[in-house]
Amino acid sequence: MSHYLIYFLIGIFLITIISLKLYILIANKKSILDNQNPHYNFQPTPTGAGIVFVFIFIFSGYVFSLNEIFVNILPNNYYVGIFSILILSIISFKDDLKPVDPKLRLLAQIFLIYCSITTLELAKLDLPVKVSFLAAIFIWIYLMNITNFIDGSDGFLASNAISFWSGIILIDLLTHNDLFSFYLAIINLPLLFAFLIYNKPKAKIFMGDAGSIYTGFLIGFSFIELILEGYFIYAIIIFIYPLMDCTFCLTKKVLRGYMPWEGLYDYFFLKPILRNKSNHFKVLTIISIFNVINLS
């Protein structure tokens with residue numbers, strides 16, 4: 001199994017490198033570019049590359065399905081989750097091309113997360129069924145969206161996601177709990193490391209909403225899976241920075257009368273960039289050090 005995983009990691013890394021390189025060429029040719037944000041864009045940059053993540057994820061799931069161990073720990077209604085993440089990513093990619101009404105996006109998220117809740121064993125919670133159901137939907141949607149909100153600096157979201165998935169692997173190895181999220185981490189780590197090659201300062205490509213919503217969907221699933229297995233504190237720790245920054249800023253934003261999705265660029269990690277656009281590397285370095293210390 002160890003050799004199988006090593007080959008798999010290398011394969012996903014190389015496939016992602018090649019796919020993103022091709023996407024950059026296509027995006028430049030088709031003008032799928034982010035040139036709307038004067039606060040941190042150095043130049044028009046290909047965006048929406050997260051749509052590549054989704055198809056690599058689906059392909060990877062198929063490859064893993066050839067292994068009996070993976071099949072034995074598949075969550076209930078696994079393909080409902082796959083369908084939901086595909087539809088959400090397509091909607092988000094459309095938003096990368098041309099803005100979609102945030103309210104319509106939220107309605108789609110609520111419906112698809114509602115459908116995907118069946119992939120989780122909420123009966124493990126010692127709570128009334130309706131309470132656990134509503135709590136899981138809220139947590140999942142909230143985590144998916146704050147993941148989207150921290151996609152504002154070169155390499156920042158990728159670095160936080162790498163930290164999260166590394167934490168999942170550590171928890172699985174230490175607890176011997178056979179988390180399904182372990183396989184999600186195995187798929188996403190090489191994918192994100194490959195993306196970071198292109199997304200580190202100065203970024204040559206952005207994942208866009210297609211990538212941040214994809215990433216947030218899977219983080220939301222894994223976060224709730226940890227809670228269901230009794231690892232609530234671990235779940236908080238491995239995603240602590242996005243939870244702190246976004247929760248504080250969103251609360252302040254709503255109290256000031258703004259909608260949560262208003263782009264006010266008021267998150268703490270963006271402040272150095274608003275002062276000086278060349279601070280992307282500094283922000284990435286600081287959060288990477290923080291994440292390494294946090295995992296230690």
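Three cavities of 30 Å³ or more are counted in this predicted model. The largest cavity has a volume of about 120 Å³, and the second largest cavity holds about 50 Å³ of space. The second largest pocket contains about 240 Å³. Helix 9 (208-228) contributes at least two residues to the lining of the largest cavity, and its axis comes within 10 Å of that of helix 8 (residues 181-199).

**Largest cavity**

- Helix 4 (78-97) and helix 9 each supply at least two of the lining residues.
- Helix 4 provides the largest share of the lining, namely four residues.

**Second largest cavity**

- Leu88, Ile91, Ser92, Arg105, Ala108, Gln109, Asn148 and Ile213 form the lining of the second largest cavity.
- Two or more of these lining residues come from each of helix 4 and helix 5 (102-116).
- The lining of the second largest cavity divides into four nonpolar, three polar and one charged residues.

**Second largest pocket**

- The second largest pocket, with about 240 Å³ of space, is lined by 15 residues.
- Pro75, Glu121, Lys124, Glu225 and Glu229 are the lining residues closest to the centre of this pocket.
- Eight nonpolar, two polar and five charged residues make up the lining of the second largest pocket.

**Packing of helix 8 and helix 9**

- Two packed helices are described by the angle between their axes and the distance between the axes.
- The axes of helix 8 and helix 9 come within 10 Å and cross at roughly 150 degrees.
- Angles over 145 degrees count as roughly antiparallel, and helix 8 and helix 9 are therefore roughly antiparallel to each other.
- The crossing of these two helices is left-handed.
- On the helix 8 side, the contact involves Ser181, Leu184, Asn188 and Leu191, which meet Tyr214, Leu218, Phe221, Ser222 and Glu225 of helix 9.
- The residues of this contact comprise five nonpolar, three polar and one charged.

Note on methods:
Residues numbered from 1 in each chain as written. Predicted model: local features only at pLDDT ≥ 70, side-chain atom pairs only at ≥ 80, totals over all residues. Heavy atoms only, no water. 1 Å grid on protein atoms, 1.4 Å probe; cavity = no way out; pocket = protein on both sides within 12 Å on 5 of 7 lines; lining within 4 Å. Points joined across faces, edges and corners; volume = space filled by probe spheres on them. Nonpolar A, V, L, I, M, F, W, Y, C, P; charged D, E, K, R; others polar. Axes fitted to C-alpha atoms, helices over the stretch in contact; angles between N-to-C directions. Parallel < 35°, antiparallel > 145°, perpendicular 65-115°, else oblique. Left-handed = near helix turned anticlockwise from the far one by under 90°. Contact = heavy atoms within 4.5 Å.
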